[in-house]
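Me: I'd like to learn how to read a model like this one, feature by feature. Could you walk me through it?

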Amino acid sequence: MPPLCAIAWLPLDTWIVVVGALGAMACALLGTFLVLRKMSMMGDAISHAVLPGLAIAFLVTGSRDSLVMLAGAGVVGVLTAVFTQWIHAAGKVDQGASMGVVFTILFAVGLILIRQTADHVDLDPECVLYGAIEFVPLDTTAFLGWQVPRAAITVGVVLVLNLLFVTLLYKELKLTSLDPALATTVGINAHLVHYLLMTLVAVTTVAVFESVGSILVIAMFIVPPAAAHLLTDRLSVMLLLSAGLAALSAALGHVAAITLPAWLGLGDISTNTAGMMAVMAGVFFVVAALAGPRHGIVSRAVHRIALSLRIVREDILGLLYRLDELGAPRISRRAFAQAELVGGPFMTRIALWSLRRAGQIVREDATYHLTPRGRSAAQELVRSHRLWESFLEQELRLPPDHVHCTAERLEHVTGARLQERLAESLGDPGHDPHGEPIPDRPSR
Amino acid sequence: MLRVLPIAVLVLGGLGVCSVLGQSDTGTLTDSSITWPGWAALLRVLTLQDYNTRVVVLGVACLGAAAGLIGAFMLLRERALLGDALSHATLPGIGLAFMVMVLFGGTGKWLPGLLLGASISGVLGVLCIMLIVRTMRIKQDAALGIVLSVFFGLGVAVTGIVQNMGSGHAAGLQSFIYGKTASMLLSDAVRIGVAGVIITFACLVLFKEFRLLCFDAAYARSQGWPVTLLDVVMMALVVGVTVIGLQAVGLILMIALLVIPPAAAKFWTTRLSRMVFTSALLGGMSCSLGAGMSALVPRLPAGAIIVCVAGLFFLISMFAGPARGVLARWWDQKRLVRSVARQNVLRAIYEVVESSDRDVPGAVTFDELVGRRTWSPREVQNALNCAIRGRLVRPDGFQRYALSDEGRQAAWRAVRNHRLWELYLITHADIAPSHVDRDADRVEHVLGDEMVAELEKLLADTHPNLTTPASPHRIDRAFHVERETA
């Protein structure tokens, strides 16, 4: 297995990564709004639907000049969006289905048109449709005295265009994507914004897949924005994150494409770069789904565990305090098992360990009892519990034998301020409905 | 009868288009080398006399029907593009299956193995979609897109590796699987037929469960149905039809067959059972017609023709569909507008007659009517004409109009509804009498019998004369009041 530094990195590879990253960012910027508008599949639909545009552009002009092709594809791309909207609105067909209807039909029409011309020229759909990112550095052109791949310029222009669009119309895009009704009431023309966005999506799709291949377009429209959506709740941050993730997956994707087969022991070969870039974006999505700060699966699990640990700890303190009141301040671990605390014996063990570390309980001769510090924490808790019991009985007129369970839940979420207000409104009672004394606030 | 007629029109229309295409001597593009067949060839194809045509037409018709059937459920679950995601998600499975088979010393192009690989990665893709939608805050459409692009990317990467491995057999692996309709073999047709029968049977057996799942999954869960399992079964059926179909007819056609016929069927009916049946019928019909046409013109790609025929059916359905079609809804709306205008003119006549003494008893002049509301003379004339045609109003030839007996009944009902609602608003909603006219004007047209009975019950205590209640405001000024509040 060769180490990573053994990759033969050429200027060629740098250009591939640069063009890939530029294209990916251009897609991800617009894709953020597509994902928010639930139109993620638009990139996929357009990249299939532009086929008749290419064929007609060729039939009309007779040339395979890429600008003519771009224009034809761009027009049909916009038409795809328009037709989709029409069928969606006039026929009350749901967005996804109308997209599916439009793009399959357009693709079929394109196939037939292309087949008509195929006798005379080589207009292979695969070849016309999809550029390949591996060949990007071979087709260069002079730009400011440098030899730059032609694709880099095309994709760069599109990226700048999208950046301008997103920054200039940020407010309008935000409002129409998140709350179309509100946008209309404050006087933003939601239709105009929609069609502007769709036009740019079409232009971006066509320009990027003509340079670097369609799979990259489809992936970068959806996957980085979706990953960013899992990481943040702010639109501006989401835009930046999705552009960053897109660029990163382009770079790592290319590295993976030239190293991964060797790592897997398949010999000294490389694989499809665009495909690996899409896979990398998928990897980022999975990471975001697992480790996202608020919506990630791991962080949600950690939160849940931390919460239940806190509750078990507090329950243990409460239990020890009440035993203390009964005159039996010590308890063995076996007795804890009988108390049936939430989370089971494993949680109990961890909670006991962490309480001992915090200096709130001590263990002597295989039994536990409270330290002064633990005692004051427990006092606070039991005070909350019994105040709640009194409150439920006095104010809500619950029978005394029904108040314990509710108070048991509420005691864990009662802060010092709330506790004070409770005591105040009850007139500082000395005893709870069961006749147990309500302890004073511990002196600090 | 009303429902059968459009379907007959549809079939004849399809055949007509078919024959027109068959007839024309020159193609749309002058330099194409396609020769269009005459009637004899058309007849041969339509009566399925060629063995090849028979196989292809019957095979794809089966596939179209099966895809239409399961696609209808997909559409109702708002997963219309699942076929798209799914068919792209099969690629890594195909590549890996090929790789494994080569590593174990085979040629790699053993069809059952490839299909198995495709199915496994298709099912994995579907499970990923369900997992993403269930556990994260990602919507259905984005989940479909993620699975589509990442799986397809992986597939492209895997086939890239396979092609560079140098085993030599990998060339055309993709097109081997994403095949061509016209070259379908008998074995393909049989496989598709069997798959179609299995899927139809499964859908019939699980019809009630699927219906529940489509319309109210939460209710189904609360009734104790294994919703997740049913969902997985439904998805598995989609995977089955997609994998079988992909190999025979290609990727785009497979997506089209899962999306277009169900979307078209939605315009024909609002009942699920009929929609599913229509969808299967449309799928089968567009497939057989399309395949037949491509048999007539061998150089046209069959898949593309089938999609175009299906698209034509979709357009026809979207406009002419009796349940939700554009024309049907336009017609409904027009009828509603007309009946509202008729009720308005009847009420106007009734109230003019009621409010003042007449030169000719019971007859009102055209100008009096125009002055009653904010409407143009043209609108009044149209509404009057409509009422006259319905024998509700009699013109006397001197620009005067009177209600017929039938018309008086209808006008009385309209006036009564209007005033009952006004009284309700005044008594129970504390709205000033000067403000109720406009509101009641909208509501009077949609008050059903039950609602009227309810209003009578509510108002019975406070208002003694409910048979023909007096207007709670001065109606001769109703027009001006309306103007002021507007």
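Me: Let's begin with a turn. In the hairpin of β2(B) and β3(B), which residue takes a positive phi?

Reply: Bear in mind that this is a predicted model. The residue you want is B:Gly397, with a phi near 90°. The hairpin has 4 residues between its two strands.

Me: How are those two strands joined, and which residue is the bridge partner of B:Val393?

Reply: β2(B) and β3(B) run antiparallel, with 3 bridges between them. For B:Val393, the partner in β3(B) is B:Leu403.

Me: What is the strand order in the sheet of chain B?

Reply: The order is β1-β3-β2, in an open sheet of 3 strands with antiparallel pairing. β1 (363-365) and β2 (393-395) of chain B each have a single partner strand, so one side of each has no neighbour in the sheet. From one strand to the next, the twist averages 35°.

Me: And which residue stands opposite B:Ala363?

Reply: That's B:Ala402 in β3(B). The two strands, β1(B) and β3(B), which spans residues 400-403, pair in the antiparallel sense over 3 bridges.

Me: How do I read the faces of a strand? Which residues of β3(B) are on the covered face, and which on the uncovered one?

Reply: The general idea is that side chains in a regular strand alternate between the two faces of the sheet. In β3(B), B:Tyr401 and B:Leu403 make up the covered face, while B:Arg400 and B:Ala402 make up the uncovered one.

Me: Now chain A. What is the order of strands in its open sheet of 3 strands?

Reply: Read it as β3-β5-β4, again with antiparallel pairing. The edge strands are β3 (331-332) and β4 (361-364) of chain A, each pairing on one side only. β3(A) is joined by 2 bridges to β5(A), residues 367-370, and the two run antiparallel. Within that pair, A:Ser332 has A:Thr367 as its bridge partner.

Me: Which helix packs on that sheet?

Reply: Helix α14 of chain A, residues 297-325, does, touching β3, β4 and β5 of chain A. Its direction makes about 85° with that of β5(A).

Me: How is chain A divided into domains?

Reply: The assignment gives domain 1 (8-292), domain 2 (300-370) and domain 3 (375-426). Between the C-alpha centres of domain 1 and domain 3 of chain A, the distance is 59 Å.

Me: What about cores? How many residues does the largest nonpolar core have?

Reply: In soluble globular proteins, nonpolar side chains tend to be buried together. Here the largest nonpolar core has 217 residues, and A:Met25, A:Leu216 and A:Met220 have the most contacts inside it. Setting aside neighbours within four places in sequence, A:Met25 is in contact with A:Leu159, A:Ala243, A:Ala246 and A:Ala247. A second, separate core has 21 residues, including B:Val345, B:Val364, B:Ala387 and B:Leu403.

Me: How many residues does each chain bring to the contact between A and B?

Reply: Chain B gives 50 residues and chain A gives 53 residues. On the side of chain B that touches chain A, α7 (140-164), α13 (251-265) and α15 (302-320) are the elements giving two or more residues. The largest share, 16 residues, comes from α7(B). By class, this side of chain B has 32 nonpolar, 9 polar and 9 charged residues.

Me: Let's zoom in on one residue of α13 in chain B. Is B:Ile260 buried or exposed?

Reply: B:Ile260, which lies in helix α13 of chain B, is buried: it has 34 other C-beta atoms within 10 Å, and the cut-off for buried is 20 or more. Not counting residues up to four places away in sequence, B:Ile260 touches A:Val101 and A:Thr104, along with B:Ala310, B:Gly311 and B:Phe314. B:Ile260 and B:Gly71 are 189 residues apart in sequence, yet 8.7 Å apart in space, C-alpha to C-alpha.

Me: And for chain B as a whole, how many helices and strands are there?

Reply: Chain B has 22 helices and 3 strands. Of its 486 residues, 44% are buried. Among contacts in chain B between residues at least 6 apart in sequence, 73% join residues at least 24 apart.

Definitions and conventions. Residues are numbered from 1 along each chain as its sequence is written. Chains are lettered from A and ligands numbered from 1 in the order in which they are written. This is a predicted model: local features need pLDDT of at least 70, side-chain atom pairs count only at pLDDT 80 or more; totals for chains, interfaces and linings use all residues. Two residues are in contact if their C-beta atoms, placed from the backbone, lie within 7 Å. Ala, Val, Leu, Ile, Met, Phe, Trp, Tyr, Cys and Pro count as nonpolar, Asp, Glu, Lys and Arg as charged, and the others, Gly among them, as polar. Domain bounds come from an automatic or database domain assignment. A nonpolar core is a set of buried Ala, Val, Leu, Ile, Met, Phe, Trp, Tyr and Cys residues joined through C-beta atoms within 7 Å. A residue is buried if 20 or more other C-beta atoms lie within 10 Å of its own, exposed if 12 or fewer, and partly exposed in between; C-beta atoms are placed from the backbone. Two strands pair if DSSP finds at least two bridges between them. Axes are lines fitted to C-alpha atoms, for helices over the stretch in contact, and angles run from 0 to 180 degrees between N-to-C directions.
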